[in-house]
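Trainee: Could you take a close look at a single part of this model, the surroundings of one ligand, and tell me which residues make up its shell?

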Amino acid sequence: MADKKRTLTGDRPTGRLHIGHYFGSLQNRVKMQEDDSLERFVMIADVQALTDNFNNPQKVRDNVYQVLLDYLSVGIDPEKTTIFLQSMIPELAELIVYYSNLVTIARLERNPTVKTEIAQKKELFGESVTYGFIGYPVSQASDITAFEGELVPVGEDQLPLIEQCREIVRKFNSIYGETLKEPKAVLSSNKRIKGLDGNDKMGKSLGNAIYLSDSEEEITKKVMGALTDPGRIKKDDLGNPDICMVAYYHNLFTKPEDVKKICEECRAGARGCVACKRELAKNIIEELRPIKEKRKYYEERPELLEKILKEGTEKARKIAKETMKKVKEAMKLNYFE
Ligand code: TRP
Ligand code: SF4
């Protein structure tokens with residue numbers, strides 16, 4: 001047990017997860033469950049979600065359960081992966097207070113991920129960003145170090161957060177003595193999935209996503225609205241699947257030999273876009289069917305959901321408490337014991 005490497009990942013529960021997450025982080029987390037050298041933790045980051053949704057607590061609360069359902073439905077197995085809730089680990093908040101002395105405001109302002117996000121959230125923050133939001137890298141450093149997460153599988157956009165965490169760890173250890181473990185980011189090899197509209201990113205705010213929980217009708221409707229080769233008007237116009245999002249998604253959901261045929265027919269003007277989209281919708285529905293069935297199983301058992309989250313959180317909290325004890329000792333704050 002002791003020599004197992006801990007991995008920590010997580011999501012802000014601000015919406016349901018979509019097929020971009022599925023091909024990215026989710027499949028990766030399921031695959032990691034086969035690796036016996038790892039001890040896995042997945043955190044539902046509701047405290048972090050509040051940093052940009054402090055005015056909408058109901059949204060965060062609802063999505064805690066949606067994200068939990070997403071996890072379970074794709075096969076994240078609570079026997080193999082500890083799923084826990086950030087807000088129920090008070091040690092995480094406590095660590096933030098101590099770490100906040102080890103990071104300057106200028107350094108936070110330079111964090112490229114935070115910078116980009118602030119620019120996107122002008123409407124929420126206006127001219128001046130909150131203390132909580134600008135400080136969320138400190139919160140993320142507390143998440144990672146509380147569990148001595150050695151490996152943090154992330155997408156590229158999260159790298160500056162891991163780097164900032166490493167700096168905090170080094171600073172802490174140099175002042176208070178060797179206490180915290182420096183994490184390593186593991187860049188997931190999975191590529192980012194484009195949106196139905198051709199946008200580089202699939203996202204809830206962009207309205208171009210297919211959610212794991214979408215109904216068959218919703219999936220079909222979204223696929224029918226996907227961007228195709230705009231040069232094709234009539235069925236016998238020669239098409240270019242390289243600039244068609246339907247062809248792009250066929251690559252993800254359709255058997256390779258069928259994809260080859262689809263592209264050939266498209267180029268030859270021997271394939272109608274409507275039929276092509278219908279086939280894609282059918283294949284997506286087929287792929288998501290077992291996931292949807294599993295979701296339904298858990299949806300019908302709210303007490304089981306509660307139990308999974310509660311037990312996972314209890315297990316995670318034990319570890320956070322141990323780290324807290326070490327931190328307080330190192331900082332000479334170990335009173336009354
Ligand atoms: N920042 C991540 C996101 O935006 C969520 C997250 C919070 C996280 N704490 C973490 C990820 C710790 C990895 C490790 O979804
Ligand atoms: Fe895209 Fe299919 Fe139409 Fe070709 S036939 S443009 S691949 S939808």
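Mentor: What follows describes the shell around ligand 2. This is a predicted model, in which local features need pLDDT of at least 70 and side-chain atom pairs count only at pLDDT 80 or more, while totals for chains, interfaces and linings use all residues. Residues are numbered from 1 along each chain as its sequence is written, chains are lettered from A and ligands numbered from 1 in the order in which they are written, and side-chain values use heavy atoms, with hydrogens and water left out. Around ligand 2 lie T228, D229, R232, C244, V246, A247, C266, R271, C273 and C276, each with a heavy atom within 4 Å of the ligand. Two or more of these residues come from each of α12 (245-253) and α14 (273-299), helices being DSSP runs of H or I with at least four residues, numbered from the N terminus. By class, the shell comprises six nonpolar residues, one polar and three charged, where Ala, Val, Leu, Ile, Met, Phe, Trp, Tyr, Cys and Pro count as nonpolar, Asp, Glu, Lys and Arg as charged, and the others, Gly among them, as polar. As for the wider chain, its domain assignment, automatic or from a database, gives domain 1 (5-193 + 302-330) and domain 2 (214-296).
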